[in-house]
Amino acid sequence: MESKELDEKYKMAVKMADIFKAFGDINRLLIINILASNTIDKISVSELANILGITQPAASQHLKILKNIGILLPKKEGYNVYYIIDIETFLKHKRDIDLIFQYAFEKCDSKN
């Protein structure tokens with residue numbers, strides 16, 4: 001494997017590790033589910049804390065992690081900040097995850 005190809009695979013692995021870490025918490029999965037359910041299209045830190053039964057600092061930390069991987073976008077409305085799903089980034093992450101599984105299944109299928 002060439003050094004450039006290995007560098008690209010490493011960069012992708014680091015990115016995917018960050019995504020899987022972000023998805024590895026029940027509260028963050030609930031946040032995504034809440035915002036993707038079409039019943040709530042935006043949410044503030046205090047609303048989220050109330051829904052999940054956690055403190056506002058904990059809710060803020062979860063939102064920050066999802067924002068850092070690009071899944072959530074902050075939208076300021078007056079004095080409040082609301083968070084919405086960034087559909088384009090969410091779909092890009094899905095394609096990357098699908099690609100990992102595709103490679104794994106192709107390798108598994110070739111061994112049968």
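Colleague: I'd like to start with the largest pocket. Which residues line the largest pocket?

Modeller: The general idea is that rolling a probe the size of a water molecule over the atoms shows where empty space is left. In this predicted model, the lining of the largest pocket is made of E5, E8, K9, K11, M12, A13, D96, L99, I100 and Y103. Its volume is about 250 Å³.

Colleague: Which elements give two or more residues to that lining?

Modeller: Those are α1, residues 3-23, and α5, residues 87-111. Helix α1 gives the largest share, with six residues. By type, the lining splits into five nonpolar and five charged residues, with no polar ones.

Colleague: Okay, on to the strands. How should I read a sheet, and what is the strand order in this one?

Modeller: Strands of a sheet pair through backbone hydrogen bonds, either parallel or antiparallel. Here you have an open sheet of three strands, ordered β1-β3-β2, and the pairing is antiparallel. The edge strands, each pairing on one side only, are β1 (43-44) and β2 (72-77).

Colleague: How many bridges join β2 to β3?

Modeller: Six, with β3 covering residues 80-85 and the two strands running antiparallel. To trace the pairing by eye, find L73 and look across to its bridge partner I84 in β3. Likewise, L72 stands opposite I85. The two strands form a hairpin with two residues between them, and G78 in the turn has a positive phi of about 65°.

Colleague: And what about β1 and β3, how many bridges there?

Modeller: Two bridges, again in the antiparallel sense. I43 is the residue to look for, as it stands opposite Y83 in β3.

Colleague: Now two helices together. At what angle do α3 and α4 pack?

Modeller: Two packed helices are described by the angle between their axes and the distance between the axes. For α3 (residues 45-52) and α4, the angle is about 110° and the axes are 8 Å apart. Angles of 65 to 115 degrees count as roughly perpendicular, so α3 and α4 are roughly perpendicular to each other.

Colleague: Which residues make that contact?

Modeller: On the α3 side, look for V45, S46, L48 and A49; on the α4 side, Q56, A59, S60 and L63. The residues of this contact comprise five nonpolar, three polar and no charged.

Conventions:
Residues are numbered from 1 along each chain as its sequence is written. This is a predicted model: local features need pLDDT of at least 70, side-chain atom pairs count only at pLDDT 80 or more; totals for chains, interfaces and linings use all residues. Side-chain values use heavy atoms; hydrogens and water are left out. Two strands pair if DSSP finds at least two bridges between them. Helices (H or I, at least four residues) and strands (E, at least two) are DSSP runs, numbered from the N terminus. Axes are lines fitted to C-alpha atoms, for helices over the stretch in contact, and angles run from 0 to 180 degrees between N-to-C directions. Angles under 35 degrees count as roughly parallel, over 145 as roughly antiparallel, 65 to 115 as roughly perpendicular and the rest as oblique. Contact means heavy atoms within 4.5 Å. Ala, Val, Leu, Ile, Met, Phe, Trp, Tyr, Cys and Pro count as nonpolar, Asp, Glu, Lys and Arg as charged, and the others, Gly among them, as polar. On a 1 Å grid over the protein atoms alone, a cavity is a set of points where a 1.4 Å probe fits but cannot get out, and a pocket is an open set with protein on both sides within 12 Å along at least five of seven lines; lining residues have an atom within 4 Å of a point. Grid points are joined across faces, edges and corners, and a volume is the space filled by probe spheres set on the points.
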